[in-house]
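Please look over the sequence and the structure before reading on.

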Amino acid sequence: MTRAQILAGLLLFLAGCLLGREWRDRSAEIAAGKQEVKQLAGQVQAEQQARAVEQKQSQAQQAAADTADKREAQINADYDERLASAGNGGDHGRLSQLWGQCETDRLSERAATAAEAAGQDRLRRESAARIVRDVESVQSERDEVIDRYQALAAPADAKQL
């Protein structure tokens, strides 16, 4: 073998070593990059899951608020109906019967007594209607608080599973 061949072989050997090292360095960078991409993808997925949980909580809270609004509207409608019934004299038949039984000479006395009794009865019914509305309103508020608590607690329970 000649010197030129030995030098050429040695140069090829050194070039191969340098290229091999460069290739290994780039392979290590690629592997590190892939690992970093996996970590970032995991972070993105965790953030997406957190957003999904927040969205579910928000939807559950909105549903609880809507239910509470519907309950309150129903309570107010029931109250208005009871109040109208109390003001219109829901026992009108009983009053007619009392007035019909009055004698001609005592008509004014009995009518006044019946009117007073009807007025007191009307006031009692109005008071009862207000009490029922207040109780239903408090129950509705309680139910709304429970619904909102359950809406917030449900995703936390799901995380524990």
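## A serine in a helix and its surroundings

Ser140 has its place in helix H3, which covers residues 107–160; helices here are DSSP runs of H or I with at least four residues, strands are runs of E with at least two, and both are numbered from the N terminus. The model is a predicted one, in which local features need pLDDT of at least 70 and side-chain atom pairs count only at pLDDT 80 or more, while totals for chains, interfaces and linings use all residues. Residues are numbered from 1 along each chain as its sequence is written, and side-chain values use heavy atoms, with hydrogens and water left out.

With a relative accessible area of 6%, Ser140 is buried, a term that means under 20% relative accessible area, whereas exposed means over 50% and partly exposed lies in between (1.4 Å probe, protein chains only). When its neighbours within four places in sequence are set aside, Ser140 is in contact with Ala68, Arg71, Glu72 and Ile75, where contact means heavy atoms within 4.5 Å.

## The protein as a whole

The protein has three helices and zero strands, and from the N terminus on its elements run α-α-α. Of its 161 residues, 11% are buried. Among the contacts between residues at least 6 apart in sequence, 81% join residues at least 24 apart. The accessible surface comes to about 12,600 Å², and 56% of it belongs to carbon and sulfur atoms; such areas come from the Shrake-Rupley method with a 1.4 Å probe, and for residues only the protein chains shown count as cover.

## Salt bridges

A salt bridge is a side-chain nitrogen of Lys or Arg within 4 Å of a carboxyl oxygen of Asp or Glu, and by this rule the count comes to nine. The table gives some of them.

| Salt bridge | N to O distance |
|---|---|
| Glu47 and Arg51 | 3.6 Å |
| Asp147 and Arg71 | 2.9 Å |
| Arg142 and Asp143 | 2.9 Å |

Asp147 lies in helix H3 and Arg71 in helix H1, so this pair ties together parts that are 76 residues apart in sequence. Asp147 is partly exposed at 23% relative accessibility, and Arg71 is partly exposed at 22%.

Glu47 and Arg51 are separated by about one helical turn, because they stand four residues apart in helix H1 (residues 3–87). Glu47 is partly exposed, with a relative accessible area of 47%, and Arg51 is partly exposed as well, at 48%.

Arg142 is partly exposed with a relative accessible area of 46%, and Asp143 counts as partly exposed at 22%. Elsewhere, salt bridges that share partners join Glu47, Arg51 and Glu54 into one network.
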